[in-house]
Amino acid sequence: MTKPSLPELLHAAVSAVGGVERPGQVTMAEAVAQAIDDGSHLLVQAGTGTGKSLGYLVPALAHGDRVVVATATLALQRQLVERDLPRTVDALHPQLRRRPEFAMLKGRSNYLCLHRLHEGVPQEEEDGLFDPFEAAAPTSKLGQDLLRLRDWSDDTETGDRDDLTPGVSDRAWSQVSVTSRECLGASKCAYGAECFAEAARERAKLADVVVTNHALLAIDAIEGAPVLPQHEVLIVDEAHELVSRVTGVATGELTPGQVNRAVRRAAKLVDEKVADQLQTAAEGFERLMELALPGRLEEVPEDLGYALMALRDAARTVVSALGTTRDKSVQDEDAVRKQARASVETVHDVAERITQGSEYDVVWYERHDRFGASLRVAPLSVSGLLREKLFSERSVVLTSATLKLGGDFNGVGASLGLPPEGTVGTEDEDVPVWKGIDVGSPFDYPKQGILYVARHLATPGREGSRGDMMDELAELVEAAGGRTLGLFSSMRAAQAAAEELRGRLDQPVLLQGEDTLGELIKNFAADPETCLFGTLSLWQGVDVPGPNCQLVVMDRIPFPRPDDPLMSARQKAVEEAGGNGFMAVAATHAALLMAQGAGRLVRATGDRGVVAVLDPRLATARYGSYLRASLPDFWYTTDRNQVRRSLSAIDAAAKAAEA
């Protein structure tokens, strides 16, 4: 029997999911197949509506090697495992003459821990364990969540938090889950044979396709102990998110609360002298943190250095002592000991990392109204780590609707540790070979959308009210008849705009934070007159096709805040190396967010609308053309009257269609 061709396989898969074949999807599938065959790397920009998940799944399944697919969002993981993969496998089975297996794998704390559920949480104040089910009043929200979790544990096959609907609070989940450091290990745990996390790992070992998230991919790369099974092909979807997710995993934090928790957990398990040493170090650290002012620490101040060394040394002593003493009076001692060790080791590791003072790390203080001060440390760049860990062992395909910034892939490539496209290695240096392709979009952007820049407005300052911007926003929303997604650069700006427009207009305005994100988006999608205002998670998390989202407003270009310690340190490092720090860091950050934000407008072939940027710098500044080149190819104007007329016409057409 002849081997089926890639177009035949793709056609079968597209038909099975009820989709429409797109030229961009075919181009993408062929490029992915080529990269896998060559063992090279590929960056694919595939616009909304291309059908990119089938564009990579079909060639990957046809190739036959084990594939890991890493995504950033829960929604896409679910879509892959519940819809795209089952249907694609069914469709390809007759032609491939085999049935590829697939499985989902996440970090351990995403799974219900049966030991925690049945034996309780190690108590911090007294010996023994604490049963959250008895302690929480059954009428309280926590009590109800815990009872529901107990019932769910009897029915669930996966123990995966994301399969529980409706979900529970982080506080409730923390009572029934463990981190990998707190886990007793299957061989030592009474529930090891039934463990959900272990079962997920076993399924992943047998699967041809493993679906995971960026965070687990980062843990696999950073921690050295492999959590993912061996694989020949890695596909990173939503790849524009990868650098920030890896940075998040590689960031360490110390807070007085966290250090005090470690002290309480260890105190019952080591002798008094050892516990007192850690307690004294914790008190010294807490006193310093009360005076901490937010901002970057170019050098660790002497008093902080001493406090961290005291913490590090005391934590090391406690970890050694935990290994030698046993206390039979402590109920379920292994679990109590494991949790204590995990807490103290985290304190030790972060304190040591900051005192060692690597030139590749950035250290800063942060202050939070509710949680007080924290000390944080993050890598100046993750590009070296990604280059070494991601691109050396396997073929990697990275895809997203936004990878091409300012007209090429080199900006995103550099952040991932890739040399400029087309760079050839020498005998001495083996460089990753990669290429970037843009397979376009099925949408006719110049006909479906307008990019309007309010050139006549004043340039936004750092703080202060923007009266002219509020007037402009109100007029645009009124012309659109509601139907507006407002993307703001800060929560304060979103709140001010919501308050102002609620006082001026009849259209209802929903505000992020006033309900869960899912509920807000659902209510926004259900009513054409409604507007939804918010900040970061709305720039990339909203998918509302149809006439209820016809105006997307950005209040200003979303550059990182000038006082963001990590971004400003990265910018400075690029400048010291002779590059343009502003373009490499701030402009790239803004371009990615704006491209994602603008992508909220056109989600289907019949969508029409306007992306309005209320920041004149997009039209007047030198970097404006770079940012505009990163956005979909909408029809561009700075004519405010033209835009109002267009919005009114789109609104009238939508109302006529609704009637």
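Mentor: Grid points are joined across faces, edges and corners, and a volume is the space filled by probe spheres set on the points. Bear in mind that this is a predicted model, where local features need pLDDT of at least 70, side-chain atom pairs count only at pLDDT 80 or more, and totals for chains, interfaces and linings use all residues. Residues are numbered from 1 along each chain as its sequence is written, and side-chain values use heavy atoms, with hydrogens and water left out.

Trainee: What volume does the largest cavity have?

Mentor: Searching the whole structure turns up three cavities of 30 Å³ or more. The largest cavity comes out at about 260 Å³.

Trainee: Which elements give two or more residues to its lining?

Mentor: The lining of the largest cavity has 23 residues, with Cys113, His115, Val178, Cys183 and Cys189 nearest the centre. Helices here are DSSP runs (H or I, at least four residues), strands likewise (E, at least two), numbered from the N terminus. The elements giving two or more residues are helix 5 (114-119), helix 9 (196-206) and helix 15 (333-356).

Trainee: How far apart are the axes of helix 19 and helix 27?

Mentor: Contact means heavy atoms within 4.5 Å, and Glu472 and Leu476 are among the residues of helix 19 that meet helix 27, where Arg640 and Leu647 are among the partners. Axes are lines fitted to C-alpha atoms, for helices over the stretch in contact, and angles run from 0 to 180 degrees between N-to-C directions. Helix 19 (residues 467-480) and helix 27 (residues 640-658) pack at about 30 degrees, and their axes are 7 Å apart.

Trainee: Why is the pair of Phe443 and Tyr445 given the class it has, and what is that class?

Mentor: Rings of Phe, Tyr and Trp (its six-membered ring) pair if their centres lie within 6.5 Å; planes under 30 degrees apart count as stacked, over 60 as edge-to-face and the rest as tilted. The structure holds seven such aromatic pairs. For Phe443 and Tyr445 the centres are 6.1 Å apart and the planes are at 80 degrees, so the pair is edge-to-face.

Trainee: Which residues do ring pairs link into a cluster?

Mentor: Buried means under 20% relative accessible area, exposed over 50%, partly exposed in between (1.4 Å probe, protein chains only). Phe443 and Tyr445 are both buried. The cluster linked by ring pairs is Phe443, Tyr445 and Phe634.

Trainee: Is Arg483 buried or exposed?

Mentor: Arg483 sits in the loop between helix 19 and strand 15 (484-487). Its phi is near 50 degrees, a positive value in a residue other than glycine. With 1% relative accessibility, Arg483 counts as buried.

Trainee: And Arg97, buried or exposed?

Mentor: Arg97 is placed in the loop between helix 4 (74-96) and strand 3 (102-104), and phi of Arg97 is near 60 degrees, a positive value in a residue other than glycine. Its relative accessible area is 61%, so Arg97 is exposed.

Trainee: What is omega for the peptide bond from Thr165 to Pro166?

Mentor: Pro166 lies in the loop between helix 7 (141-155) and helix 8 (170-174). Most peptide bonds are trans. The bond from Thr165 to Pro166 is cis, with omega near -10 degrees.

Technical notes. On a 1 Å grid over the protein atoms alone, a cavity is a set of points where a 1.4 Å probe fits but cannot get out, and a pocket is an open set with protein on both sides within 12 Å along at least five of seven lines; lining residues have an atom within 4 Å of a point.
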